[in-house]
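Let's go through it together, one question at a time.

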Amino acid sequence: MRVEIKGTPMPVAFCYLEQNESLITEKGAMSWMTSNLEMTTEGGGFGKMMSKAFSGEAMFHNIYTAKNGNGMIALASSFPGEIREIDVSNGEIIAQKKAFLARESTVDMNIFFQKKFGAGLFGGEGFIMQKFSGKGKVLLELDGSIFEYELKAGESMMIDTGNLAMMDATCSLEIERVKGAKNMFFGGEGIFNSKVTGPGRIWLQSMPASTMAQAILPYMPAK
């Protein structure tokens, strides 16, 4: 599969499939496509569907397959930000649970549970994230502008809640409480920060959807 990502701040991923090649997408991700792509909808077994529902993911995914020649499908972003193409053949990736847009059929997607209880309760993206492994490409939809860092072994970055978009599975995540009562309650930065330690890459997003929702809430008309 060949991918071209165009446009800003609402990008579109153009995925070019060879004959009989398939792409698995999030429900409702397709914006337009060539007429020779055949769609099927699958949810997996009952246990798989329940795990999807538990993680906040759609219970069904659509599979698009190119028939009678090569084909193209366009996947438009649903929120201002960036679409990133990641090849998990180079290593497993852990992402925020609503980042998934599409993946090749050779890529596995599973629930990733934070090992530490504190990370689950206060880590911004919650107790559950998504883990991508296998061979091939995955398309992830991230919020706002994206900044990538390479952490060395033992090197750490303190990250505000919600700004961690994804990281290499080689990184570890833990939660640290802000020191000082005045800092916690009057500093405006919350009570907890996420601490990610390398080795590995991290991708940070400048405008989580939850932050934007809070910013515009005061301007919403009252019912």
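Q: How many bridges join strand β9 to β16?
A: Keep in mind that this is a predicted model. Strand β9 covers residues 93-95, and β16 covers residues 164-168. The two strands run antiparallel, and the number of bridges joining them is 3.

Q: What is the bridge partner of Leu-164 in β19?
A: β16 also pairs with strand β19, residues 200-205, in the antiparallel sense over 3 bridges. Within β19, the residue bridged to Leu-164 is Leu-204.

Q: Is Gln-130 buried or exposed?
A: Gln-130 sits in strand β12, residues 128-134. The cut-off for a buried residue is under 20% relative accessible area. Gln-130 has 2% relative accessibility, so it counts as buried.

Q: Which residue has its backbone oxygen 2.8 Å from a polar atom of the side chain of Gln-130?
A: The side chain in question belongs to a residue of β12, one with 2% relative accessibility. A polar atom of that side chain lies 2.8 Å from the backbone oxygen of Lys-97.

Q: Why does Ser-31 count as partly exposed?
A: Ser-31 lies in strand β4, residues 30-33. Partly exposed residues fall between the buried limit of 20% and the exposed limit of 50%. Ser-31 counts as partly exposed because its relative accessibility is 35%.

Q: Which residues does Ser-31 touch, not counting those up to four places away in sequence?
A: Phe-14 is 17 residues from Ser-31 along the chain, and their C-alpha atoms are separated by 10.0 Å. With residues up to four places away in sequence left out, the ones that Ser-31 touches are Ala-74, Leu-75 and Ala-76.

Q: What is the relative accessible area of Tyr-219?
A: Tyr-219 lies in the segment after α4 (209-216). Together with Ile-216, Leu-217 and Met-220, Tyr-219 makes a nonpolar surface patch of about 500 Å². Tyr-219 is exposed, with a relative accessible area of 70%.

Q: What percentage of the residues in the chain is buried?
A: The chain has 4 helices and 19 strands, and exposes about 12,000 Å². Of its 223 residues, the buried share is 44%.

Key: Residues are numbered from 1 along each chain as its sequence is written. This is a predicted model: local features need pLDDT of at least 70, side-chain atom pairs count only at pLDDT 80 or more; totals for chains, interfaces and linings use all residues. Side-chain values use heavy atoms; hydrogens and water are left out. Buried means under 20% relative accessible area, exposed over 50%, partly exposed in between (1.4 Å probe, protein chains only). Two strands pair if DSSP finds at least two bridges between them. Accessible areas come from the Shrake-Rupley method with a 1.4 Å probe; for residues, only the protein chains shown count as cover. A polar contact is a pair of N or O atoms within 3.5 Å; within protein, one must be able to donate a hydrogen and the other to accept it, and residues adjacent in sequence count only if both atoms are side-chain atoms. Patches are made of residues with over 30% relative accessible area and no salt bridge: like charges are joined within 9 Å, nonpolar side chains (Val, Leu, Ile, Met, Phe, Trp, Tyr) within 5 Å. A salt bridge is a side-chain nitrogen of Lys or Arg within 4 Å of a carboxyl oxygen of Asp or Glu. Contact means heavy atoms within 4.5 Å.
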